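Thanks for coming, everyone. Let me put the structure up, and then I'll walk you through it.

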Amino acid sequence: NVQNQTEFDVIVVGSGAGALASAVVAADHGLSVLVVEKSDKYGGTSAISGGGIWIPNNHHFAAKGGKDSYDKALQYLKVATGGCVSEVRLRAYLDNAPKMIKHLETKSRVRYAVAEKYPDYYPHLPGSLSGGRTLDPELFDTSVLGDELPTLRQGAPSNLLMGRIAWTARQAHKAMSREFGWRFMVMGLMLRYKLDFSWRRKSRYDRRAALGTALIASLRRSLQDRKVPLWLNTDFRELVVEGGRVCGARVRCDGRERVLTARRGVIFGSGGFEQNQTLRDKYLPKPTRADWSATPPGNNTGAALEAGVAIGAATDLLERAWWAPTIRVPKEEKPRGVFAERAFPGAIVVNALGKRFVNEAAPYLEFVDAMYRDQQASGGKSIPAWVIFDAHFRFHYAMGPLMPAQIMPDSRLKKEWLNTVYWKGSTLAELAGQIGVDAKGLEATAHKVNEYARTGVDSDFARGGNVFDRYYGDTNVKPNPCLAPIAKGPFYALRLDAGDIGTKGGLLTNEHAQVVREDGKPISGLYAIGNCSAAVMGTGYPGAGSTIGPAMTFGYIAANHIAAGQ
Ligand code: FAD
């Protein structure tokens with residue numbers, strides 16, 4: 001009985017995408033592997049994510065005739081990562097990311113397609129591409145998980161069409177930006193869902209998982225194929241070290257302490273520390289709150305960081321997070337990230353003075369960085385910030401939990417959302433009064449933006465001035481797909497917090513994903529991947545999939561390194 005087994009070649013801590021990918025690859029090398037997960041669901045934040053992975057030089061893009069190159073990607077990464085990551089680690093990433101995805105697609109059930117139109121996040125930097133490096137998970141039929149389907153962590157209903165129908169990020173983007181043919185596409189998805197009679201009798205949700213849930217489901221099923229056990233409710237506590245080598249882990253499993261032996265290595269894939277308020281207060285800029293994080297409450301509390309430091313590991317980037325503004329919705333267990341909607345034409349973001357302080361369409365990490373900068377500069381006026389729009393916007397576009405009014409008018413919104421999730425005023429001044437924003441400031445800002453919408457040029461922040469901004473713009477809006485007037489009442493506001501989708505500082509690792517000491521020497525037998533390691537992406541967010549792509553790639557690297565017995 002595997003539950004009584006206490007010795008394995010490899011123990012993987014955590015069950016996010018990087019962890020499960022490392023377990024698949026280790027098993028492919030014939031190693032015996034155990035995955036331990038502290039919560040009662042597997043998948044971590046990876047399961048509720050978009051599941052996108054940023055893989056320069058990937059075979060999908062090449063197969064479509066796309067042009068990318070190693071040198072171009074390296075040139076881009078050197079600058080995009082803020083110059084704080086060793087070149088040898090950047091090269092390890094670029095060498096192995098395309099191999100990792102090829103391995104998984106040929107040997108396991110993981111399947112991706114290229115998001116050809118999804119641009120890198122810093123289009124002004126040399127070596128960036130206007131699409132082709134982000135891969136988007138294909139839908140995955142979860143019925144094959146059998147009795148492990150109920151313990152798969154599910155993405156938020158907001159990731160699904162109408163809260164229940166699976167769609168890929170490419171399909172969601174087509175609908176959001178109202179590209180030609182989007183209505184037919186949506187009708188097709190609804191029809192496919194309705195005609196799945198056997199599954200409709202079992203569940204109101206689609207049998208197919210999408211995005212990060214599809215990725216985790218495909219990885220877990222691949223582990224089932226390899227008979228790799230995954231223990232839920234198993235909380236990693238401490239490393240076991242003998243003669244300077246990590247050779248096991250102390251865990252608490254269903255309320256019982258157990259010591260597990262790892263003959264070849266322990267791989268930490270247990271996420272960052274975003275759910276640990278004490279560590280946030282210690283490391284992150286202020287103000288900061290765990291309940292602004294869009295990650296599953298209670299999961300990622302920095303266990304690997306503390307255990308690594310306890311045995312002499314070096315750390316880096318602890319003051320950084322994968323920032324994203326978030327909106328809290330009553331009765332939802334965690335806030336929602338606001339990734340795309342800020343770029344839709346006709347929504348602006350202001351501080352308490354009623355002033356814009358950032359290009360609303362900026363990547364989410366830079367957006368929250370700007371919130372913190374403005375918080376300093378304005379003496380505490382931009383956390384929270386407010387996203388403001390008018391009735392025209394409200395009719396056509398989604399914002400946070402508010403579906404476009406053409407689908408869901410105000411009368412159908414939950415009553416308790418008024419004045420908790422959204423505020424509404426017949427004039428901008430009335431709205432400003434409700435949310436504590438300076439009315440004159442807001443009116444003056446709207447006046448300016450209306451002029452920018454007419455000319456197509458945002459003289460303050462150049463919104464819509466590059467291919468990344470325009471990715472989430474509305475192609476039907478001219479002259480600038482990211483700018484429209486705010487003129488038609490009633491007016492609306494939603495509160496934006498300085499949230500995150502995980503922290504990005506952690507244990508410092510080398511090009512083999514080995515955890516290193518201050519002197520750069522590896523700690524034998526210990527590996528770290530994903531958000532418990534200091535991000536290979538440094539201070540930046542080079543493109544969609546910059547957190548899970550590296551987590552899976554360094555998982556692949558760690559498993560290969562262990563198997564090679566180095
Ligand atoms: P996780 O996936 O969170 O996995 C860590 C696991 O370890 C958890 O299950 C946790 O319970 C477990 N664990 C923690 N402590 C212990 C312990 N002591 N013992 C045992 N287990 C433990 N990133 C992308 O790259 N692409 C995207 O498309 C994308 N979309 C996103 C969308 C949303 C809405 C959100 C919230 C995030 C998104 N992200 C995306 C960010 C990404 O999901 C995370 O950065 C990434 O999943 C973190 O991976 P991880 O393996 O480090 O941690």
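A word on the source. This is a predicted model, where local features need pLDDT of at least 70 and side-chain atom pairs count only at pLDDT 80 or more, while totals for chains, interfaces and linings use all residues. Residues are numbered from 1 along each chain as its sequence is written, and side-chain values use heavy atoms, with hydrogens and water left out.

Now, salt bridges. In general, side chains of opposite charge can pair when their charged atoms come close. Here a salt bridge is a side-chain nitrogen of Lys or Arg within 4 Å of a carboxyl oxygen of Asp or Glu. The whole structure has 36 salt bridges.

Back to arginine 250. Its side chain meets that of glutamate 238 in a salt bridge, 3.0 Å from N to O. Arginine 250 sits in strand S10 (residues 245-253) and glutamate 238 in strand S9, so the pair ties together parts twelve residues apart in sequence. Helices (H or I, at least four residues) and strands (E, at least two) are DSSP runs, numbered from the N terminus. Glutamate 238 is also partly exposed, at 42%.

Next pair. Arginine 220 and glutamate 148 form a salt bridge at 3.0 Å, N to O. This one links distant parts of the chain, 72 residues apart: arginine 220 is in helix H9 (residues 211-225), and glutamate 148 is in the loop between strand S6 (140-141) and helix H6 (169-176). Arginine 220 counts as buried, at 4%. Glutamate 148 is buried as well, at 17%.

Third pair. Glutamate 360 and arginine 463 bridge, with their closest N and O atoms 3.0 Å apart. Both residues are buried. Through shared partners, salt bridges join Arg356, Glu360, Asp458 and Arg463 into one network.

On to the ligand. Which residues come nearest to the ligand? They are Glu37, Ser46, Asn531, Thr547 and Ile548, out of 35 residues around the ligand. Being near means that a heavy atom of the residue lies within 4 Å. Helix H2 (44-48) gives the largest share of this shell, four residues.

Several backbone atoms reach the ligand. A backbone N or O atom of isoleucine 548 is 2.7 Å from a ligand oxygen. A backbone N or O atom of glycine 50 lies 2.9 Å from a ligand nitrogen. For glycine 52, a polar backbone atom is 3.0 Å from a ligand nitrogen. Taken alone, the ligand exposes 1,000 Å², and the protein buries 94% of that. Those areas come from the Shrake-Rupley method with a 1.4 Å probe; for residues, only the protein chains shown count as cover.

One last stop: serine 546. This serine is in the loop between strand S23 (522-528) and helix H17 (548-564). Is serine 546 buried or exposed? Serine 546 counts as buried, because its relative accessibility is 1%. Its side chain reaches the backbone oxygen of glycine 543 at 2.6 Å.

That's my tour. Questions, please.

Notes
Polar contact = N/O pair within 3.5 Å; in protein donor to acceptor, adjacent residues only side chain to side chain. Buried < 20%, exposed > 50% of the residue type's maximum accessible area, 1.4 Å probe, protein only.
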